[in-house]
Protein chains: 2
Amino acid sequence: MTTTVFEGTTGADEAIRAAHAAFLEGRTHSRDERASWLEAIADELEAHREELVRLAGEDTHLPEARLNGELTRSVFQLRLLADEVRKGAFLDATIDHADPDWGMGPRPDLRRMNVPLGVVGVFGASNFPFAFSVMGGDSASALAAGCAVVHKVHDAHAGLGRRTVELVVDALARAGAPEGLFSGLLGRDAGTALVDHPLTRAIGFTGSERVGRLLLDRAAARPEPIPFYGELGSINPVVVTPGAWRERADDILSGFAASMTLGLGQFCTKPGLLFLPSEAVERAREKLPALLQDAPTGAGAMLSRSIHEGFLHNRGLVEETPGVEPLLEGGAGDPPSPALFAVAAADVGEDSPVLTSEMFGPAAVVVSYASEEELLATLDHLPGQLTGGIHSADGEAIGPIASALTDRAGRVLRNGWPTGVTVSYAQQHGGPYPATTSGTTSVGTAAVGRFLRPVAFQDFADADLPPELQEANPQRISRRVDGVWVEVKEA
Amino acid sequence: MTTTVFEGTTGADEAIRAAHAAFLEGRTHSRDERASWLEAIADELEAHREELVRLAGEDTHLPEARLNGELTRSVFQLRLLADEVRKGAFLDATIDHADPDWGMGPRPDLRRMNVPLGVVGVFGASNFPFAFSVMGGDSASALAAGCAVVHKVHDAHAGLGRRTVELVVDALARAGAPEGLFSGLLGRDAGTALVDHPLTRAIGFTGSERVGRLLLDRAAARPEPIPFYGELGSINPVVVTPGAWRERADDILSGFAASMTLGLGQFCTKPGLLFLPSEAVERAREKLPALLQDAPTGAGAMLSRSIHEGFLHNRGLVEETPGVEPLLEGGAGDPPSPALFAVAAADVGEDSPVLTSEMFGPAAVVVSYASEEELLATLDHLPGQLTGGIHSADGEAIGPIASALTDRAGRVLRNGWPTGVTVSYAQQHGGPYPATTSGTTSVGTAAVGRFLRPVAFQDFADADLPPELQEANPQRISRRVDGVWVEVKEA
């Protein structure tokens, strides 16, 4: 049987060289064929659902329902991206016809479209064994772009990871994709080699700020630096306005308790800061501890020992911050029970751990604010976030709060909770550093754009152009022609 | 009078803080107003054409006709970008309506658009006193994005630079833009402070690989790294096929001589490598030296002493490369006369200075190839380029050569010369490292995308959304709605 999972520096080199060769061959195939490869992977994962969910459960302690939902999401994502590949949606095909009267002087015929970068290295996340792992958003969008993928399997679910790589490789082989287009790596040395290899053209990463920054710096220090698309952490502030509190305080508290404890709080979008108006604090103190204790976390233990240790460490940092008061102690066991802290906005300084230490697990801080001015001043000190939430009453003015959150987050949501990230055209999962290391998204169809670069063809003969740019538009894709978008309606 | 050009670290801090405040106020203005600011700058530069061209001539030794053309280009660019701002073309407005039947589970209402990054630092290039300087492509596209700009004036044309900053600041003030939206910096300390300042959100740079890499590394090492859009150098290979040579050898040689010597070869797109089939070499040796000696360079001296020194240094590196033979000596004077070298492709090793040392001035290398195989092997060793050219006969198969150039360049052109870069929708001026430090373009309307990031709004009340995302589309911009682009026809 062909090797599909490689180890060590030598293994990484072998996988990357094979991936590069497969990329070169793969791009000679039509978009329609490449779309069918994504669908073949989706079908294969679906066909092995029971086995995969069982393996994932053994590795991660996550319950079956959650894992089933996550696999559904991953399979859906592959099919949605296959559809985008067929549409040519992310090629950004743009045609300027030659124009002797162009305002700055005669213009040649120029036609631009996006082309894939080459070999993409992807590091899987521990907390999403399907959606951000072997065949998660990074791998799926890199393959959709036309790249080859070498995936560093996360140690926290190596059993599931190995098996998923095997299934993907099998599915691709049967669908006619070139051998080596996708493979797996195991171990830290192989991961480092993946970032350093001259044939690696981009990295996708989801994980801790510490490891992410190390790899980011490594990618930037290469003789030829490459883009590093990292998602490093987020605290996800949620603001409750006085109007929303008057209208539906209990709903807000129970919604928060459910979102914060879901999956033992091990989500990058877990709401970690709840901003409440001062008048709300007494009721919150009274009700929230019980709601949190009763919330079904849906997980029997934390994902890994290192995540558990990291959680206890950062929870400790928050707990020891002057002005912070514990409302509910979480304990040191595994699983930890939910922990809750309270602090007044006036006591939160610029670099307070309350604003900078992500507690990746079931813990959060209630921050009470005496005025909108005080709220905005505190939000102003927050580093970049994946999401920011607002709960407001209908018609209540939220402009300044929405604006402050927009400045800090990639997704701003109203009257909802940040956990649960749909895969769609308008999704944006990524925000200012350190939430992510670039302004791009790792979820949704726009994620493909990370693995492309534009090329313009000047005065080419029509037959020498890629079909997407030929005058007659034989592939019927949407294009911007002489400045105007021309959408081709589906047949 | 208000200060418009700042010096030193303290001056940079003052300019950047003012720019940040202006950015915050500026984004409360409508897109229509912001477009009119760009037009006001265009009008002001046009109104002072005579004075600006005179100042530029004194600083750069470039002839009047060239400077007039460059100013026309810069003014045109501002007006084209104003038009794009009005169209909302680069907002990438995307709307997903709530969908209870979405394949992976119910989908909320999600609406995404691009928002400006904040303060952008721009470093002017020495070789384009208008088009890549104070109000060149980087500044114009950052302002079009809705950002504020702090521009580091190039020492090589500080007189012109100061005056241009003054005019831009005046024009913006009269057009009602917030004070501080645009300003200038002078001196190396101020430039370094611009890269380091926490309020700086992105850098645009055009210059040498050495300085560019220093600043790139500096931007990457910040506590909060920022995107660095640098254009660092390019050799711009041009391939002549046997068919093209048979058809029009003399035209090719004279076209090459004109493009290579234009402006004393001080263009980032100067063709520095001419690949000729072996059978062409004798005629090229015979004819090219005279054509080069007779070519009007259109410049009385090189742009600056440091450019002259850098040119002589790199020309020396190429000259001393084993296998390289001089066909025409350029001398050490200023202006240097054109220099030409010849080498056989078989003698060009992987890291040969022939492929890696940009001679920024009037010098180039003729590389003779014995077979397409040999040609492709040599192209394969080229680092990233801004452009790659092919001269071929009609109907001649150019697939493998076009593909090799596409892998290495951002713009691939047929039967033309790389100098002369039009500003349009499909333009791509940027290529793999070190041509540029990202896959983006610094010329054309797509340049705006570098200074934006996407934000998604989830379940917002219609009135709380930016007008560009409101359901009724009051600003009549093109949007992707539920996966389909909807182009709004102009009234």
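This is a predicted model: local features need pLDDT of at least 70, side-chain atom pairs count only at pLDDT 80 or more; totals for chains, interfaces and linings use all residues.
Residues are numbered from 1 along each chain as its sequence is written, chains are lettered from A and ligands numbered from 1 in the order in which they are written, and side-chain values use heavy atoms, with hydrogens and water left out.

Let's start where the two chains meet. Contact here means heavy atoms within 4.5 Å, and 70 residues of chain B touch 70 residues of chain A in this way. Together the two chains bury about 5,800 Å², with 56% of that area on carbon and sulfur atoms. Buried area is the accessible area (1.4 Å probe) that two parts lose on being put together, summed over both. On the chain B side, the residues that lose the most area to chain A are B:Met104, B:Tyr425 and B:Trp485, which together account for 12% of what that side buries.

Now turn to chain A by itself. Its domain assignment, from an automatic or database source, gives domain 1 (5-232 + 439-486) and domain 2 (237-414). The C-alpha centres of these two domains of chain A lie 34 Å apart. Twelve residues from domain 1 of chain A and 14 residues from domain 2 of chain A make up the contact. Between them the two domains of chain A bury about 940 Å², 62% of it on carbon and sulfur atoms. In domain 1 of chain A, A:His61, A:Asn127 and A:Glu231 lose the most area to domain 2, together 44% of what that side buries.

Next come two helix pairs in chain B. Helices (H or I, at least four residues) and strands (E, at least two) are DSSP runs, numbered from the N terminus. Axes are lines fitted to C-alpha atoms, for helices over the stretch in contact, and angles run from 0 to 180 degrees between N-to-C directions. The axes of helix H4 (residues 64-87) and helix H5 (residues 137-145) of chain B come within 10 Å and cross at roughly 20°. H4(B) and H5(B) are therefore roughly parallel to each other; angles under 35 degrees count as roughly parallel, over 145 as roughly antiparallel, 65 to 115 as roughly perpendicular and the rest as oblique. From H4(B), B:Gln77, B:Leu78, B:Leu81 and B:Val85 meet B:Gly137, B:Ala140, B:Ser141 and B:Ala144 of H5(B).

In the second pair, the axes of helix H2 (residues 31-47) and helix H6 (residues 158-174) of chain B come within 8 Å and cross at roughly 135°. H2(B) and H6(B) are therefore oblique to each other. Among the residues that meet here are B:Trp37 and B:Ile41 in H2(B) and B:Leu167 and B:Arg174 in H6(B).

Most residues other than glycine have a negative phi, and most peptide bonds are trans. The peptide bond from A:Asp334 to A:Pro335 is cis, with omega near 0°, and A:Pro335 sits in the loop between strand E11 (325-328) and strand E12 (339-344) of chain A. In chain B, a cis peptide bond joins B:Tyr433 and B:Pro434, with omega about 5°. B:Pro434 belongs to the loop between strand E15 (409-414) and strand E16 (452-458) of chain B.
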